[in-house]
Amino acid sequence: MFIAVFAGELVKLRRTLAPWVTLGSLMTGPLFLALFMWIVSDPGRAAQFGLLGTKASLSGIEANWVSYASYLTLIVGLGGTLLLAFVAAYVFGREYSEGTAKVMLTLPVPRRVFVAAKLLVVALWWLVIVLAVYAEAVAVGLGLGLPGITWTAAGALLGNLLLVAGISYLLAPMVSLVTVWSRGYLAPVGFALGMLLLGNVIGHTGWAAWFPWSIVPILVGSVSAPADALPVGSLIVLAATFAGGVAATMWRLQTADVNQ
Amino acid sequence: MSAAAVVTTAGLTKRYGNVTAVADLDLEVRPGEIYAFLGRNGAGKTTTIRMLLGLIRPDAGEVRVFGHQVRLDQPSWLGRVGSLVETATAYPNLTVRENLELQRRLTGAPAVAVGQVIEQLGLGAAADRRAGQLSLGNKQRLALARALVHSPELLVLDEPANGLDPAGIVEIRELLRSLADDQGTTVFISSHILVEVAHLADRIGIVHNGRLVEELDRAALVAAARAFSAEQLTEQQRADALLTLELERYFLARTDGSVQ
């Protein structure tokens, strides 16, 4: 049953633009970063590029693999969290916006199975995007000949990206909950944006390790120096956020009237 | 209440704030019959159908389908039901065939069912077109095809003639009649057009302001139809006004219990 529902959820994405738009939007990250690296690698070039060159010079970016990998992790961590929210909102919300929720919910399938299948689709979609961005980043790093790029360093970047992407994913069920509650796209995307901002604010306080949306900013170093490891408490908070989000989304779909 | 009834409702009530959409509704739909639920827009037809399918919860009373008490997210009997609720919807990015294939897989119907239902509903020419590009009539046919693809024992159709041209209406009427006569399919159909259901239904339940005003069988309907008056009008507006007035008087008479 689950396999059939999961396959059906994948089929629903056929000929839709959303996977390509999300992939394309995150893949611009390594390209812009590469442009900055290319500019700052030569002071004369920075002058040629005018305002963009000045901005690149002032950003403090160094043209090497360590710097490139660090900024890329930040882009995937923060930009990716928002993008992932869009993906989750799309996968759940389109059933309401396209009027197909009543079709889906009158099938002889337990509603929790749809939730699980959709969350797996979100995970797969997110994994493909992250791996594509990683492949692009390595290609760009090699193409630019960034100092410090080695197979070990490239492997470390993959590990960091997967860690940050995995933690971001643990927050996705909360977005799916807001989506099935609000039955649209706007509220979940607004929720994710709000949480991201709040996470960055709380990230500057002593409570950062306990607030789920502050944990990615801690890891990627957007609120302080990047953390090497998370405290056990943060892992528990993340696990509880994920489990709570999944359970609440299932509960909501199982108990809410469909008046669409 | 007949033990063999396919659908029964007892004291079924649904309120939205101060508005009572369905009030104390007692219904019984027998196996193999076509039961038409006739009423004006806003009479409570769609709300009743949503409660029959477990899409919304009643505030009071109960619904039983195949003897099972209907609750939200109890899908065991939904595989025996085909439904069309309110507007015809489909995944717009998928073709007609893909939409039906999705339904077929999740209802466990055999692979040949999709081709059969495409032919049955006259969708052959549109089979490989995206649902989002279909005409209103073909969207309605697709929604009907989806309801039929798994050869359900019970069809619950909300205004199935919406968007169909006169020839299409006759075609669907004949299809439903043959399903009931040849395969013993029970059909519960809602409509606001008396003429449409008079040609099709074995029994008609007339609903007004959420209450079942009267039930008529085909013989009683034919007898009632013998008493009529005819007026020839050339002005559209005057004809509309007269028809509205007659319908109002009819429904008022049934609600009050007094014939005016």
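Tutor: We start in a predicted model, at B:Asp24, which lies in strand 2 (residues 19–29) of chain B.

Student: What makes B:Asp24 buried, exposed or partly exposed?

Tutor: Count its neighbours. B:Asp24 has 15 other C-beta atoms within 10 Å. Buried needs 20 or more, and exposed needs 12 or fewer. The value falls in between, so B:Asp24 is partly exposed.

Student: Where does A:Arg183 lie, and what is its phi?

Tutor: A:Arg183 sits in the loop between helix 9 (172–182) and helix 10 (186–202) of chain A. Its phi is near 60°, again a positive value in a residue other than glycine.

Student: Why is A:Arg183 called partly exposed?

Tutor: A:Arg183 has 17 C-beta neighbours inside 10 Å.

Student: Which loop holds B:Leu78, and why is B:Leu78 called buried?

Tutor: B:Leu78 lies in the loop between strand 5 (68–69) and strand 6 (81–84) of chain B. It has 23 other C-beta atoms within 10 Å. The cut-off is 20 or more, so B:Leu78 is buried.

Student: Which residues is B:Leu78 in contact with?

Tutor: Leaving aside neighbours within four places in sequence, B:Leu78 is in contact with A:Thr106, A:Leu107 and A:Pro108.

Student: How many residues does each chain bring to the contact?

Tutor: Chain B brings 22 residues and chain A brings 25. On the side of chain B, helix 2 gives the most, with five residues. That side divides into twelve nonpolar, six polar and four charged residues.

Student: Which residues of helix 3 of chain B are buried?

Tutor: Helix 3 (residues 112–120) of chain B buries B:Ala113, B:Val114, B:Val117 and B:Ile118.

Student: How do you know that the buried residues line one face of helix 3 of chain B?

Tutor: Look down the axis of helix 3 of chain B: its buried residues fall within an arc of 130°, so they line one face. An α-helix has 3.6 residues a turn, so residues three or four places apart point the same way. The face turned away carries the exposed residues B:Val112 and B:Glu119.

Student: What do the buried residues of helix 3 of chain B pack against?

Tutor: They pack against helix 2 (96–107) and helix 4 (136–148) of chain B. Just after helix 3 of chain B, B:Gly122 takes a positive phi of about 65°.

Student: Which residues touch the most other members of the largest nonpolar core?

Tutor: Of its 153 residues, A:Ala88, B:Ala36, B:Ala145 and B:Phe188 do. Helix 5 (residues 65–97) of chain A provides the largest share of this core, 17 residues.

Definitions and conventions. Residues numbered from 1 in each chain as written. Chains lettered and ligands numbered in written order. Predicted model: local features only at pLDDT ≥ 70, side-chain atom pairs only at ≥ 80, totals over all residues. Helix = DSSP H or I, 4+ residues; strand = E, 2+ residues; numbered from the N terminus. Arc of directions from axis to C-beta. Contact = placed C-beta atoms within 7 Å. Nonpolar A, V, L, I, M, F, W, Y, C, P; charged D, E, K, R; others polar. Core = buried A, V, L, I, M, F, W, Y, C linked by C-beta atoms within 7 Å.
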